[in-house]
Amino acid sequence: MELNGKKIAILATNGFEQSELEIPRDRLKQAGANVEIISLQAGEIKGWDMKDWGRPVKVDRTLDQVSASDYDAIVLPGGQINPDLLRVEARALKFIKDIFDAKKVVAAVCHAPWLLIETGIAKGRKMTSYKSIKTDIMNAGAKWEDSPVVVDQGVITSRNPGDLETFSKKIIEEVKEGLHTHRSAA
């Protein structure tokens, strides 16, 4: 169990891409991590499964109940709806930025790099994303590349559901490395 004793937040709200929450969650749990689903409100959030609403997922804690010091990493699932709703929520952006500022792992897939743009984390980094937001990433000052996974000092980005196994392995690897003390500020 590579991640025993590690605690990982998955920040999501309604409209998250089903596989982009479930696959990393399951792989991180299989590696021994304690994984919590964090959202804006208590109860359940509903995923988007390719072309229609997907399965609900239980929320473990709300943003009001968490602190960056509680976690070793944060995972940000994509989909179009989820990160678009979260990027206008100051509490969500602060939580992401606080984890980043603590030199912990920040992982975003698909459209979730929008959240890294909003927090200022994207600027000056190597990143990837879903192809439709490539220009957004570049306009935010990041160097975009078309790779399954890109890592820049503990900031992990990935393109789409087809890359989730590689993305999940890279999260495990980076969390095992610990704090990324040489990371430059956003």
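User: Where do I start? How many helices and strands does the protein chain have?

Analyst: Start with the inventory. The protein chain has six helices and 12 strands. Keep in mind that the model is predicted.

User: What does the radius of gyration say about the protein chain?

Analyst: Compare the value with the globule rule. The radius of gyration is 14 Å, close to the 16 Å that the rule gives for 186 residues, so the chain is as compact as a globular protein of that length. Along its principal axes, the C-alpha trace spans about 35 × 35 × 30 Å.

User: What share of the residues is buried?

Analyst: Buried residues make up 53% of the 186 in the chain.

User: Now helices. How are two packed helices described?

Analyst: Two packed helices are described by the angle between their axes and the distance between the axes. Take helix H1, residues 18–30, and helix H6, residues 164–177. Their axes come within 9 Å and cross at roughly 45°. That makes H1 oblique to H6.

User: Is the crossing of H1 and H6 left-handed or right-handed?

Analyst: The crossing of H1 and H6 is right-handed.

User: Which residues meet there, in H1 and H6?

Analyst: From H1 come Ser 19, Glu 20, Ile 23, Pro 24, Arg 27 and Leu 28. They meet Leu 164, Glu 165, Phe 167, Ser 168, Ile 171 and Ile 172 in H6. By class, this contact has seven nonpolar, two polar and three charged residues.

User: Let me try single residues. Is Glu 22 buried or exposed?

Analyst: Look at relative accessible area; buried means under 20%. Glu 22 has 14%, so Glu 22 is buried. Glu 22 is found in helix H1. Setting aside residues up to four places away in sequence, Glu 22 touches Arg 55 and Val 57.

User: And Ile 8? Where is Ile 8 found?

Analyst: Ile 8 is found in strand S1, residues 7–11. Its relative accessibility is 0%, so Ile 8 counts as buried.

User: Which residues does Ile 8 touch?

Analyst: Leave out residues up to four places away in sequence. Then Ile 8 touches, among them, Leu 3, Leu 28, Tyr 71, Val 75 and Val 175. Ile 8 and Lys 134 are 126 residues apart in sequence and 27 Å apart in space, C-alpha to C-alpha.

User: Is Asp 146 buried or exposed?

Analyst: Exposed means over 50%. Asp 146 has a relative accessible area of 54%, so Asp 146 is exposed. Asp 146 is found in the loop between strand S10 (143–144) and strand S11 (149–152). Leaving aside neighbours within four places in sequence, Asp 146 is in contact with Thr 128 and Arg 159. Gln 41 is 105 residues from Asp 146 along the chain, and their C-alpha atoms are separated by 35 Å.

User: One backbone reading. What is phi of Met 50?

Analyst: Met 50 has a positive phi of about 65°, although Met 50 is not a glycine. Met 50 is found in the loop between strand S4 (44–49) and strand S5 (52–58). At 68% relative accessibility, Met 50 counts as exposed.

User: What about phi of Gln 153?

Analyst: Phi of Gln 153 is near 50°, a positive value in a residue other than glycine. Gln 153 is placed in the loop between S11 and strand S12 (155–158). At 34% relative accessibility, Gln 153 counts as partly exposed.

Technical notes. Residues numbered from 1 in each chain as written. Predicted model: local features only at pLDDT ≥ 70, side-chain atom pairs only at ≥ 80, totals over all residues. Heavy atoms only, no water. Axes fitted to C-alpha atoms, helices over the stretch in contact; angles between N-to-C directions. Helix = DSSP H or I, 4+ residues; strand = E, 2+ residues; numbered from the N terminus. Parallel < 35°, antiparallel > 145°, perpendicular 65-115°, else oblique. Left-handed = near helix turned anticlockwise from the far one by under 90°. Contact = heavy atoms within 4.5 Å. Nonpolar A, V, L, I, M, F, W, Y, C, P; charged D, E, K, R; others polar. Rg over C-alpha atoms; globule rule 2.2 N^0.38 Å. Buried < 20%, exposed > 50% of the residue type's maximum accessible area, 1.4 Å probe, protein only.
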